[in-house]
Amino acid sequence: MFRTMDTFVIEGGAPLRGSVRVAVSKNSALPILAATLLVEGETRLEGVPALRDVDTLLRLLRALGCAVERNADGSITVAAQDLTPCEAPYDIVKEMRASFCVLGPLVARRGRARVSLPGGCNLGVRPIDLHLKGLRALGARLHVDGGYVEAQGPLRGEEMFLAGAFGSTVLGTANVLMAAALAPGRSVIEAAACEPEVADLARFLVACGARISGIGSPRLEIEGVTSLRGTRWRPIPDRMEAGTFLAAAAITGGDVTVEGASADHMGAVIETLREAGCAVERRPEGIRLRGPDRPKPIEVTTYPYPGFPTDLQAPITSLATVADGMSVFTEKIYPERFMHVPELNRMGANVRKHETSSIVHGVKSLSGAEVMASDIRGGASLLVAGLAARGTTTVHRVYHVDRGYDAIEEKLAALGARVRRVAEAG
Ligand code: EPU
């Protein structure tokens, strides 16, 4: 289904108009799928999009003895049947770092785990020390051998502080929270990530019978229970997909309503788009944005939630490339997350990287070029830029984009964008 050699070919200049429905959040669905390993009986997740990353996690769950079905209504059912497999192999984990989130559930439910270390990625070093710190605090005996983390239970509740030099960790909090849900006694995670996706996971666990308080705050308190039962769950709307559509609407001077988007999760993004000159309205059905004739310059610093999300740094940078003045983007989460910069410059943008910032001198217009996606959001930023560029833009390696966006070219085309997927020769 996902052909690795596909490209997006975009004829820029068409303003986007109309409504688009936002998908269920990938970054919510992935840890919740990992959490099904904790559950006795069947879990049914609704609305989960057919993304490459979701498929990777489903493949891992099957390798871990789960029965996994995609149902006709688009929902996914997962039931952990054979509890003996405890290994998450390199083959799968290297495809997607979120796979590492099976470590906590496996050691909590099955008493042991062997999970490949994820290694580096295009966003930088991305260590997993905080995941290990939290699980160690819960009593897991861990050691690293041959590129794998081996973990042994039993676990017990404990208090811990879970932030590092770059603040809290989203998947680290998820990993430890899942383990603590079944660890006997009381656990406290201080400096827990407050991202809506972590809160969604916590609420899912509560629906399965977990006892968690402080959800959405930096202090999670967990009373371990002996078992969790299956439930039905629809993860929250994808604020990164919604933000990408808003950026696309803004850069084309369009008028788009992103149906189902939760403005409550997108305060920093909405504020930034308003500073860029967009009219952004919360509406009962979602978020409506009307783009300016030409964007105004903006200053953006990424922070953990509720700060501006690092995942939208690249797509909003595309908007700033055509602003009337100089914008500055500073990364406080992933200091090396600027792979999109040289590609945007190939399209005529004037962006210079300086330490952990990019300085964007707005140009009047971009020109279409051949560019290459390097990661999910960097790829999305090239698509956004291509929508506004004069002439034809070809984005290569769109398999990165397919990891996190379900048929994005079809959704954009339905809004009037001239974009199509083309299988690359070779
Ligand atoms: N960090 C550590 N030690 C750790 C874990 C993280 O130092 O053990 C550092 C990281 O290097 C980074 C910061 O802490 O500087 C925050 O990283 P975090 O752990 O929060 O990132 P993550 O959980 O691995 C998730 C999302 C990313 C998103 C980040 C930040 C998923 C599946 N992934 O990653 O999403 O950029 O949070 O918000 O939820 C994407 O969807 O394209 C994507 C990359």
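This is a predicted model: local features need pLDDT of at least 70, side-chain atom pairs count only at pLDDT 80 or more; totals for chains, interfaces and linings use all residues.
Reader: Hi! Which residues come nearest to the ligand?

Author: Leu 130, Thr 169, Leu 171, Asp 311 and Ile 333 do, out of 22 residues around the ligand.

Reader: What is the make-up of that shell: nonpolar, polar, charged?

Author: The shell divides into eleven nonpolar residues, five polar and six charged.

Reader: And which side chains have a polar atom by a ligand oxygen?

Author: Asp 311 has a polar side-chain atom 2.6 Å from an oxygen atom of the ligand. For Tyr 334, an N or O atom of the side chain is 2.8 Å from a ligand oxygen.

Reader: What about the backbone of Leu 171?

Author: A polar backbone atom of Leu 171 is 2.7 Å from an oxygen atom of the ligand.

Reader: Nice. How much of the ligand's accessible area does the protein cover?

Author: On its own the ligand has 820 Å² of accessible area, and the protein covers 89% of that.

Reader: Which elements give two or more residues to the shell?

Author: Those are helices H1 (26-35), H5 (129-137), H6 (170-181) and H12 (376-388). H5 gives the most, with three residues.

Reader: Changing topic: what is the strand order in the open sheet?

Author: The four strands run S2-S17-S19-S18, with mixed pairing. S2 (17-21) and S18 (279-283) are at the edges with a single partner strand each, so one side of each has no neighbour in the sheet. From one strand to the next, the twist averages 15°.

Reader: How do S18 and S19 run, parallel or antiparallel?

Author: Antiparallel, with five bridges joining S18 to S19 (residues 286-290). Val 280, for instance, has Leu 289 in S19 as its bridge partner.

Key:
Residues are numbered from 1 along each chain as its sequence is written. Side-chain values use heavy atoms; hydrogens and water are left out. A residue is near a molecule or strand if one of its heavy atoms lies within 4 Å of it. A polar contact is a pair of N or O atoms within 3.5 Å; within protein, one must be able to donate a hydrogen and the other to accept it, and residues adjacent in sequence count only if both atoms are side-chain atoms. Accessible areas come from the Shrake-Rupley method with a 1.4 Å probe; for residues, only the protein chains shown count as cover. Ala, Val, Leu, Ile, Met, Phe, Trp, Tyr, Cys and Pro count as nonpolar, Asp, Glu, Lys and Arg as charged, and the others, Gly among them, as polar. Two strands pair if DSSP finds at least two bridges between them. Axes are lines fitted to C-alpha atoms, for helices over the stretch in contact, and angles run from 0 to 180 degrees between N-to-C directions.
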